[in-house]
Amino acid sequence: MGKALGLNEDYLFWSIVKKLSAGYGYRIITLTENHQEIWLENTREKNHPVIRLMRHDLDWASWLNRDIERTSLNGEKIRQKLYKKPLEVLNIYVTSFAPVDDYEFTRKPTINNKTTIHTFILETAAFDERMEELQELLSKSLSIELSDTGEVQAEEIDEIKQSALAESVKMAKQEQQLFQQGKPFFTYLLMAIQIAVFIIMEFSGGSTNTKTLIDFGAKYTPLMLQGEWWRFFAPMVIHIGFFHLAMNTLSLYFIGAEVERIFGRTRFLLLYVFAGFAGVLASFIMSPTVSAGASGAVFGCFGALLYFGLSHPKLFMRTMGMNVVVLIVINLGYGFSVGNVDNAGHIGGLIGGFLASGVLNLPKSKQLVKQLVFAVVTVGLTFFLLYYGFSQPKASESNDQIMTVVAADYEEKGEIEKAKQMLSAYTEDFSEAPYSYFYLATIEAKAGNLEQAEVYNIKAIEQKPDFPDAHYYLAVIYLEQNKLDLGLEQAEIAAELNPEDERYQELVERIKGL
């Protein structure tokens, strides 16, 4: 083919841009004001994920050398922003002729830190040969021809240019739509609910009061084992203190709103609730203490963003990727370094949000097989963990003590049978329950059932020999039964365990005086 001069280079330049954009999924990431330099990126391309095209009629190799150095600097900036890992950039010059002096240095790649620049000169003076080499280098057919009869018209170039830019705009709009699936309605509603619940709790005994927390539905293993299943969901709107509320509300505002924009309202609500449930379930299995908060559900939002990152890795890294990863690491690290943080709930919520996102998938994206696999894994894992949690309940002294606080509240309200029923159920579920046995003993003693009270007190002492109150009240029961020797023995043990309590020594002296 003969040489074609003038506008042919512009035509070739924009034809390549159009073909890479429309035909092979490259998108424009940088475009200079004079439209002579374009950087393209393909999120699926492994060999040449970034291509830089330069429309410039080369003359001297010195300019070319300086431009390659500048390209390597810009390529490293792009790598640090988008990729982090090593990046290969194909640097293409569209020109009428190659430089007039030696440009052998272009045969070797230019390396800047982790960015490698491979330079290719596409001169129209040797169009056929160089185009064939470029297509082999790209492993792609470009199907571009230059006329032998004369120059192309400016109108043709403008048409191709506008078509190429329109394709890039189309791809940009498609990406933007991924972040515009729904306005954050449920995010704000959930924020309002948890703030309202906090205010009500403050006027009902205080959000840091254990009894108030349990009354409002905090995660409390003993009551969950007795069938109060709703406690797997209620904790996500309950918070322990203002700082706890403020942190989770701010996190929900920033993270939840973004997830709702990406997944849409309905998907967001479903994955948020499931993540909250998953967080409570993990805490139910791993930690026996009372807990509450939206942390598990908020971590579920992180899980949803990670799923989005797997679906759109380059877009994720370009927009929010490292920020999300850093926030997850910081929050988990903080949880493990500070006491009284329910890390099991955080990790459970993170996994739950990820799994729920896989089941629901992104809007306008149907992947039935993938969603089915996620659904099977999610359902199977949930039922297994529920079975495990309910079949292997773990006792703790704090739960035992809290159970007596709840029982005392029922007793104050006159619901004595309900208090007894709850304590009895707890002692059936847990073999070690000295405080519950002791409180059952006090209830029976008040009702005049001294023999049953004696049985409960003895069980409390067997399980916790250093329980002075149990020894003291057992001594009182023996005194009521006129079993003075046994009563004196128990009173002396109580006084020995806690010599500072005057009641114990007074009882010892009283029995000795009989």
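Nine bridges join strand 4 (residues 87-95) to strand 6 (residues 115-123). These two strands run parallel. Helices (H or I, at least four residues) and strands (E, at least two) are DSSP runs, numbered from the N terminus. Two strands count as paired if DSSP finds at least two bridges between them. The model is predicted: local features need pLDDT of at least 70, side-chain atom pairs count only at pLDDT 80 or more, and totals for chains, interfaces and linings use all residues. Residues are numbered from 1 along each chain as its sequence is written, and side-chain values use heavy atoms, with hydrogens and water left out.

V94 stands opposite L122 in strand 6. Strand 4 also pairs with strand 3 (residues 50-55), through six bridges. Strands 3 and 4 run parallel. I51 has L90 of strand 4 as its bridge partner. Strand 4 is mostly covered, with eight of its nine residues buried. Buried means under 20% relative accessible area, exposed means over 50%, and partly exposed lies in between (1.4 Å probe, protein chains only).

The open sheet holds six strands, in the order 1-2-3-4-6-5. Its pairing is mixed. Strand 1 (27-31) and strand 5 (110-112) are the edge strands, and each pairs on one side only. Neighbouring strands of this sheet are turned by 25° against each other on average, direction ignored.

Helix 1 (residues 8-24) lies across strand 1, strand 2 (37-41), strand 3, strand 4 and strand 6. Helix 1 runs at about 165° to strand 3. Axes are lines fitted to C-alpha atoms, for helices over the stretch in contact, and angles run from 0 to 180 degrees between N-to-C directions. Helix 3 (residues 127-138) packs on the sheet and touches strand 3, strand 4 and strand 6. The direction of helix 3 makes about 150° with that of strand 6. Contact means heavy atoms within 4.5 Å.

Helices also pack on each other. Helix 5 (residues 185-202) and helix 9 (residues 265-286) have axes 8 Å apart and an angle of about 40°. The two helices are therefore oblique to each other. Angles under 35 degrees count as roughly parallel, over 145 as roughly antiparallel, 65 to 115 as roughly perpendicular and the rest as oblique. Helix 5 contributes F185, F186, T187, L190 and Q194 to the contact, and helix 9 contributes R265, F268, L269 and Y272.

Aromatic rings form a further set of contacts. Rings of Phe, Tyr and Trp (its six-membered ring) pair if their centres lie within 6.5 Å; planes under 30 degrees apart count as stacked, over 60 as edge-to-face and the rest as tilted. The count comes to 24 aromatic pairs. F438 and Y473 form a tilted pair, 5.6 Å centre to centre with 55° between the planes. F438 lies in helix 17 (residues 434-446) and Y473 in helix 19 (residues 468-480), so the pair ties together parts 35 residues apart in sequence. F438 is buried at 12% relative accessibility, whereas Y473 is partly exposed at 33%.

Y472 and Y504 form another tilted pair, at 5.2 Å and 45°. Y472 belongs to helix 19 and Y504 to helix 21 (residues 502-512), so this pair ties together parts 32 residues apart in sequence. Y472 is buried at 13%, and Y504 is buried at 2%. The charged end of R503 sits over the ring of Y472, 4.9 Å from its centre. A charge sits over a ring if NZ of Lys or CZ of Arg is within 6 Å of the ring centre and within 35 degrees of the ring normal.
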